[in-house]
Amino acid sequence: MALNNCSINSQSLTKTGGGVIGSDNVQLVITPNAGYVVSSSDFTNNTGVIAGISSITLSDSGTAGTIGNTVLVNVDLDDTYVMPLNDTELVIDIDGDAALITYTLSGTYSSTVSNASPASETDTSYTDSGNNGSEETVFIKTFTADSGYYFPEAPSYILTSNNSSQYNITRQDTLDGENRITASIFTVNFTFSNSNVSGDTIEFNAVAEEYFTETTGITSYSLLTNNIDLVGTVRNMTVFGTPGATFSLAVTNENSDSVFSLTNITIPAFGSYSFLILFPSVSSDDSYDFVLTGTQVSTNFGGPGEQPHTFTITQAGDKTITVDLQTADSAINISSPVSVTLPASTTVTSDTAGNLTNTFTITSTSTLNIIDQFGNIEDFTNNDPLTNGGTFIDIDSLIFLSESATEISAFFVGSVDTVGTSNVTSVFDIDNYISTAAVSTIPITVTYLDIENLTSVSEPTLTLPVGSTLPNKKNFTVTCNKNTGGPGGGTDTGDYGITVTSNISPADIITRVGTSTGADGPPNSVTDLYNGSVELQFSVFFQADSGAIEASDDCDINIGVLFTGGL
């Protein structure tokens, strides 16, 4: 009889020799060794036929394969069996093995995953079972970074368990050609002891980040592209790109003659290729067209914020920028234009280099009349950099003042901000502003309001030019008693105001005082005369709101001075 890791007992009966056994039977018990359990199904009756035994059956005393269970061996004795006269031993053959006790493991794992797969998980269950001392692979977890991503920090885990020494968790990484971790495989092994384990948790963390994969290609270049002097020069150009990328460069002048060329140059390991370009001396303006081609050039150049792969460098001498006045009236003479000569394709930073401020003298043998005093700076021609080669003249003002019946001064204030590649002349036509023909005007009749005593008034007789649509500025100077109680002691524009009432026909003539948006406003300046009075200077602007001023219009105004805080 072969029993492994368990034992079976024996049992005796006392009977009278020569008598029958009768109804007595025997029950033997198979008991597992420590650390083992038994199941009746794991044992076999191999006794065969024995006189005195009718049958043998096996059964479990409890739940098969659990601690405390035994196998019951029920021996049914032959009731008619006649006992021998001597002691008799009936030997049965029961074969079988006790099994090691199986213990269980149960827990959950969670994972925080970004830019990788599989997706994050929460409280996913894991289970396993094994015998005391056995090591089992509970589960395997793989995290794979998305395409174009890697794990800058290797995926990790946190184990929470009262039996952490029973776990053996290993990680195997997959690396790309740049030794970046693109995948990690966790293998979770557990060694069982003599008790069940539950409630353990494992938290995985696998966060991938995108990496930059540099595409082989030409990425940029460095070259001075400002204007070249006529005497010529040598300039260094450097082309940048990834090692192995190739480029070609063609440089031609305005006659399409080749000046410089490179073909299929390979970017070396340090990522750039430098060379010199000789621009020859020329006697007249020239230009050089650059065409860069090569690996990824059409992709990396020419877009928003990118360098162009075709461009032009000019070679030009100094350029003259001129401002002139002109007239179609042969009876009017205008003094010489004003001009400056500056290097081509430059930005003027000096306060004096680009200064064009000038006083033009306008004369005639006939009487000169000012139609409009203020020249509209939009009437200057050829001042658009997009059409004149890149030059911009910053024009501040043009004001006409009468010096005599036959002479007018035109005060021009302006300067050159940028110089292009061509000579530029900007012309202002004065025919809409000055004329030798009699100018039709309407008078401005001025009366004064009895608000404050006006001790003196200048410029009481004024006119508006008929046909004008531009602002006509009329200056007034009045003297009045000093407002000694004012915030500024009577010497500040805040101490006074100008009130203007008008009887203007038609009503579409706009009037405004100084820079005020209303009909009234402060004076332009206040001068203390130190005799108890002050001199106030202010201006009134007249402009037709629609159409033009007509000879039938009537312009009567009333002017008064008021103190701050009341009349």
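Reply: For the classes, Ala, Val, Leu, Ile, Met, Phe, Trp, Tyr, Cys and Pro count as nonpolar, Asp, Glu, Lys and Arg as charged, and the others, Gly among them, as polar. The model is predicted, so that local features need pLDDT of at least 70 and side-chain atom pairs count only at pLDDT 80 or more, while totals for chains, interfaces and linings use all residues. Residues are numbered from 1 along each chain as its sequence is written, and side-chain values use heavy atoms, with hydrogens and water left out.

The lining of the largest pocket divides into 16 nonpolar, nine polar and three charged residues. A pocket here is an open set of points on a 1 Å grid over the protein atoms alone, where a 1.4 Å probe fits, with protein on both sides within 12 Å along at least five of seven lines, and a lining residue has an atom within 4 Å of a point. The largest pocket holds about 710 Å³ of space, a volume being the space filled by probe spheres set on grid points that are joined across faces, edges and corners. Its lining has 28 residues, and Q11, S12, T88, E89 and L90 lie nearest the centre. Strand 3 and strand 7 (71–77) are the elements that give two or more residues to this lining, strands being DSSP runs of E with at least two residues, numbered from the N terminus.

Both of these strands belong to an open sheet of four strands with the order 2-3-7-6 and antiparallel pairing, where two strands pair if DSSP finds at least two bridges between them. Strand 2 (6–8) and strand 6 (53–60) stand at the edges with a single partner strand each, so one side of each is left without a neighbour in the sheet. From one strand to the next, the twist averages 15°, taken between axes that are lines fitted to C-alpha atoms, with angles running from 0 to 180 degrees between N-to-C directions. Three bridges pair strand 2 with strand 3 (residues 26–32) in the antiparallel sense, and P32 in strand 3 is the bridge partner of C6.

S435, which has its place in strand 36 (residues 434–435), touches T367, L368, N369 and I371, not counting residues up to four places away in sequence, with contact meaning heavy atoms within 4.5 Å. S435 is buried, at a relative accessible area of 16%, where buried means under 20%, exposed over 50% and partly exposed in between, for a 1.4 Å probe and protein chains only.

Within strand 45, D556 is the bridge partner of T445, and V561 stands opposite I498.
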